[in-house]
Amino acid sequence: MSDNFLVTASPHLHSGSSSIKIMRDVTIALVPAVIAAGIIFGLRSLLVILTCVTSCVLSEYLFRKLLKRPNATYDLTAVITGLLLGLNLPVSLPLWMAAIGGIVAIVIVKECFGGVGQNFVNPAITARIVLLMSFSSAMSVWNQPFYYLHQGTDTVTSASYFQALQTGGAIPSLLNMFLGVRSGSLGETSALALLLGFAYLLWRKIIEPTIPVIFIGTVGLLSWLLGGEPLYQMMSGGLLLGAIFMATDYTTSPTTRTGQIIYAFGCGLITVLIRFFAALPEGVSYAILLMNIITPLIDRYTIPKAFGTKKEVVINEE
């Protein structure tokens, strides 16, 4: 009868989930944002996103083949990286620049550190920052919503919310901010689309609300204390996209609830400091990147000691 039992290492219980299923659900959650980008900014927005996805998938396949590593494109992580990178870019960005962003995200940030689960910062965010520093002019051109409907031109541009705030330009209504009828990156404009994706991820139990809620709430509260408009601050500058889909990355965020609270508050605090006191108009990407870097330190001091482990005692030899 003992032959019917298997002796294996823990864990002995499995949730039934897998990396592929999780990435598939994240892809589904991003569909509303992709559709909104297509409606607001036209077919070229889909071409930018497709370029990023193709660049990421091909980069992963070719680089792993070069290093004689197993093919990993089936796990959909490269697809997610491409989607997130594309949604963080302006519709007018040259496609070759978008392709470079995909190569940076996969080859440099992900594969050079060992692949899935080994990167210490979010690949899509890091690639966006690299593009922003390398091609600042192209990354700062914002097309008006529905610009493609204007006959005879495809370069109708306008200021983003933060640019309009700094220059005294026209600021969109809260309704337009919510629906996405404003200038900005492809995936940041429609708060409605992003919240639909957030609801889906919560329903599927892919993420917990801790990080997004504290991140967004911190930005709103501190913005109000500093005399800003909380609702505008919470719906602008890629905050929802970053808080929901990138700050919650399993690999680059803390594992404990306490650590996640510290991490999310830090993301919100840095975002507000950059927005209100730095020369940069937007701070979400930099905030998440900085908190990704100190995530191992947060884990070190928030992960509880294993039961029975003796506390380390430092002996002064002087």
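Leu76 sits in the loop between H2 and H3. Helices here are DSSP runs of H or I with at least four residues, strands are E runs of at least two, and both are numbered from the N terminus. Leu76 is not a glycine, yet has a positive phi of about 70°. Leu76 counts as partly exposed because its relative accessibility is 24%; buried means under 20% relative accessible area, exposed over 50%, and partly exposed in between, with a 1.4 Å probe and protein chains only. The model is predicted: local features need pLDDT of at least 70, side-chain atom pairs count only at pLDDT 80 or more, and totals for chains, interfaces and linings use all residues. Residues are numbered from 1 along each chain as its sequence is written, and side-chain values use heavy atoms, with hydrogens and water left out.

A positive phi is also found at Phe146, at about 60°, although Phe146 is not a glycine. Phe146 lies in the loop between H5 and helix H6 (161–167). With a relative accessible area of 26%, Phe146 is partly exposed.

The protein chain contains 13 helices and zero strands. Its pattern along the sequence is α-α-α-α-α-α-α-α-α-α-α-α-α. Of the 318 residues, 49% are buried. Contacts (heavy atoms within 4.5 Å) were considered between residues at least 6 apart in sequence, and 73% of these join residues at least 24 apart. The chain exposes about 16700 Å², of which carbon and sulfur atoms supply 66%. Accessible areas come from the Shrake-Rupley method with a 1.4 Å probe; for residues, only the protein chains shown count as cover.

Helix H3 spans residues 77–87 and is mostly covered, with 10 of its 11 residues buried. Among these buried residues are Ile80, Leu83, Leu84, Leu85 and Leu87. The buried residues of H3 pack against helix H1 (19–41), helix H2 (43–66), helix H4 (95–110), helix H5 (123–134) and helix H11 (239–246).

Thr77 lies in H3. Thr77 is buried because its relative accessibility is 13%. Its side chain makes a polar contact with the side chain of Lys110 at 2.7 Å. A polar contact is a pair of N or O atoms within 3.5 Å; within protein, one must be able to donate a hydrogen and the other to accept it, and residues adjacent in sequence count only if both atoms are side-chain atoms. Leaving aside neighbours within four places in sequence, Thr77 is in contact with Met23, Glu60, Lys110 and Val116.

Val79 is also found in helix H3. Not counting residues up to four places away in sequence, Val79 touches Val53 and Val57. The C-alpha atoms of Val79 and Met23 are separated by 8.6 Å, with the two residues 56 apart along the chain.

Five salt bridges are found in the whole structure. A salt bridge is a side-chain nitrogen of Lys or Arg within 4 Å of a carboxyl oxygen of Asp or Glu. Arg204 and Asp25 form one of them (3.1 Å, N to O). This pair links distant parts of the chain: Arg204 is in the loop between helix H8 (191–203) and helix H9 (210–225), Asp25 is in helix H1, and they are 179 residues apart. Arg204 is partly exposed at 40% relative accessible area, whereas Asp25 is buried at 5%.

The side chains of Arg64 and Glu111 also meet in a salt bridge (2.9 Å, N to O). Arg64 belongs to helix H2 and Glu111 to the loop between H4 and H5, 47 residues apart. Both Arg64 and Glu111 are buried.

Glu208 forms a salt bridge with Arg257, with the closest N and O atoms 2.8 Å apart. Glu208 is in the loop between H8 and H9, and Arg257 is in helix H12 (residues 257–277), 49 residues apart. Glu208 is partly exposed at 42% relative accessibility, as is Arg257 at 46% relative accessible area. Salt bridges that share partners join Arg64, Arg69 and Glu111 into one network.

A disulfide is a pair of cysteine sulfur atoms within 2.5 Å. By this rule the count is zero. Cys52 is in no disulfide, and the nearest cysteine sulfur, that of Cys56, is 6.6 Å away. Cys52 is buried at 0% relative accessibility.
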